[in-house]
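Thank you all for coming. I would like to walk you through one model this morning, and I will ask you to keep the picture in view while I talk.

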Amino acid sequence: TLIKCITENEELVNLLKDAENLTFYAVSSRYPDEDIGISFDEAVNAVFIATNVMEVIKRALNDLGLSSL
């Protein structure tokens, strides 16, 4: 059901493509010895993407009659 929900929701598909860029931050935070130099604008953009993904997923879960976070 979740796969069907994702593949049928164009907005979510596009957001998940954008969210792929967040993987860099997840990996780099595990290795703090690496100096990656994230700018303020990059951080704001990452939070914006993550928030949008979360909101779209919440709406999709509600549309399926499932309780969201």
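Predicted model: local features only at pLDDT ≥ 70, side-chain atom pairs only at ≥ 80, totals over all residues.

As for secondary structure, the chain has four helices and zero strands, so to read the elements from the N terminus on is simply to read α-α-α-α. If we take the contacts in the chain with a separation of 6 or more, 58% of them join residues 24 or more positions apart.

Which residues make up the largest nonpolar core? There are six in all, namely Leu12, Leu15, Ala19, Ile49, Val53 and Val56, and the elements that contribute two or more residues to this core are helix H2, residues 10-19, and helix H4, residues 40-63.

Finally, please look at the loop between helix H3, residues 23-30, and H4, where you will find Ile36. Is Ile36 buried, exposed or partly exposed? Ile36 counts as partly exposed, because its relative accessibility is 33%, which lies between the 20% and 50% cut-offs. Again leaving aside residues up to four places away in sequence, Ile36 touches Phe24 and Ser28, while its C-alpha atom is separated by 9.3 Å from that of Tyr25, eleven residues apart along the chain.

Key: Residues numbered from 1 in each chain as written. Heavy atoms only, no water. Core = buried A, V, L, I, M, F, W, Y, C linked by side-chain atoms within 4.5 Å. Buried < 20%, exposed > 50% of the residue type's maximum accessible area, 1.4 Å probe, protein only. Contact = heavy atoms within 4.5 Å.
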